[in-house]
Amino acid sequence: MNPRKIRDNIWAVGTIDWDRRLFDELIPLPEGTSYNAYLLKTAEKTVLIDTVDPPVQDQLLHNLELLEVEQLDYLVSNHAEQDHSGGIPAVLERYPEARVVTNPKCREMLIDHLHIAEDRFEVRDNGESLDIGGWTLQFHTAPFVHWPETQFTWLVEEKILFTGDFLGSHLATSDLYIENEAEVYVGAKRYYAEIMMPFRKMFGKYLDLIDDLGPELIASTHGPLYRHPAFILDAYRDWISDEVKNEAVIAYLSMHDSTAEMVHHLINALIDRDIRVKVHNLTDVDVGELAIDLVDAATLVLASPTVLVGPHPSAAYAALIANALKPKTRFGAIVGSYGWGGKMVEQLTALTGNLKLEWLDPVMVKGKARAEDFASLEALAEAVAARHREAGIL
Ligand code: FEO
């Protein structure tokens, strides 16, 4: 893909990764992703903002050639993760005069992760600026979106904010700008759920900063650009708020149908009480979809058969994922079946300590559920409904 003009003397020079289906060998990307990089040219300086993942760095270098970049003065790094920084060594090799502009923490991480020579840096800390000849770049550190060194770069005169990963979407699309908000909403929510959610408490102040800057255009490193920033800023305000929705996520699997029978009874009991239910069978789950549903849900139910006294490993994995992503879920319940004994409730509870859930009474059944066990599931559904009513969402 050739460079795409954003404004006079500003181009998108990154790449679209149509085929990528997994990030960090963990995170599903069913719609692919992109690695966005941007080139700015003034009468005096040429500046590259971020690079791309190393396997596609030749496309970036080709785009710089197409734009006849003979000299690169500055390479701004907003984030040290390799999908944006991994191309820096190749760019520095091609442009030996280029200086890497970033904050002290990002400098440290780029040296550690990419072995970039210490004398290649020009450090700018929070609030500091760089004059690039008619235009001013202003740097705002924004730690933990989603690493400690992350920052935003503000092109003052053009009112463009380059946010690094923040507000991005995992979505391979030919659209440079958003054309289909519903499509981008899903990709952005996936990105938030999979990557950003553990740090949501920090984001309010970053959204306030962006409101104060008043960008006309937000250019993230993943997904299309936002010409109407309110779309994504409003979505983030919703996702990071402490408000939960009248939804129960049920993550389950079953070996001999005993647990499945209980789960299906519970699903119907919740529906009967006007609770939205999102069900994930863990035998074939996209953990990204699970993460997306955990963004808003008030309740999480983990359901599993007992394997060697504990939960099935797939249920333990779902618990670990939820624990790591730290959604705002308030209520939890454990449902399961065992043959002769076990510690599933204790183990799943211990695996989800980050969530600070109010645990409702578990329903653990020896073998196959009997009438009294289905009554316990009705009582569990009623307890969920009562909590949702108390929370004002039902
Ligand atoms: Fe897109 Fe944190 O890298």
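Q: What do the buried residues of helix 6 pack against?
A: The buried residues of helix 6 pack against strand 13 (136-141), strand 14 (151-155), strand 15 (160-164), helix 5, strand 16 and helix 7. Contact here means heavy atoms within 4.5 Å. Helices (H or I, at least four residues) and strands (E, at least two) are DSSP runs, numbered from the N terminus. This is a predicted model, in which local features need pLDDT of at least 70 and side-chain atom pairs count only at pLDDT 80 or more, while totals for chains, interfaces and linings use all residues. Residues are numbered from 1 along each chain as its sequence is written, and side-chain values use heavy atoms, with hydrogens and water left out.

Q: Which residues of helix 6 are called buried?
A: They are Phe203, Gly204, Tyr206, Leu207, Ile210 and Leu213. Buried means under 20% relative accessible area, exposed over 50%, and partly exposed in between (1.4 Å probe, protein chains only).

Q: What makes Asp211 and Arg237 a salt bridge?
A: A salt bridge is a side-chain nitrogen of Lys or Arg within 4 Å of a carboxyl oxygen of Asp or Glu. The closest N and O atoms of Asp211 and Arg237 are 2.9 Å apart, so the pair meets the definition. This pair links distant parts of the chain, with Asp211 in helix 6 and Arg237 in helix 7 (residues 230-240), 26 residues apart. Arg237, at a relative accessible area of 30%, is partly exposed.

Q: Why is the pair of Glu216 and Arg7 said to tie together parts that are 209 residues apart in sequence?
A: The two residues form a salt bridge, their closest N and O atoms being 3.3 Å apart. Glu216 lies in the loop between helix 6 (203-213) and strand 16 (217-220), and Arg7 in strand 1 (residues 4-7), so the pair ties together these parts. Glu216 is partly exposed at 44% relative accessible area, and Arg7 counts as partly exposed at 22%.

Q: How many salt bridges does the structure hold?
A: The structure holds 28 salt bridges.
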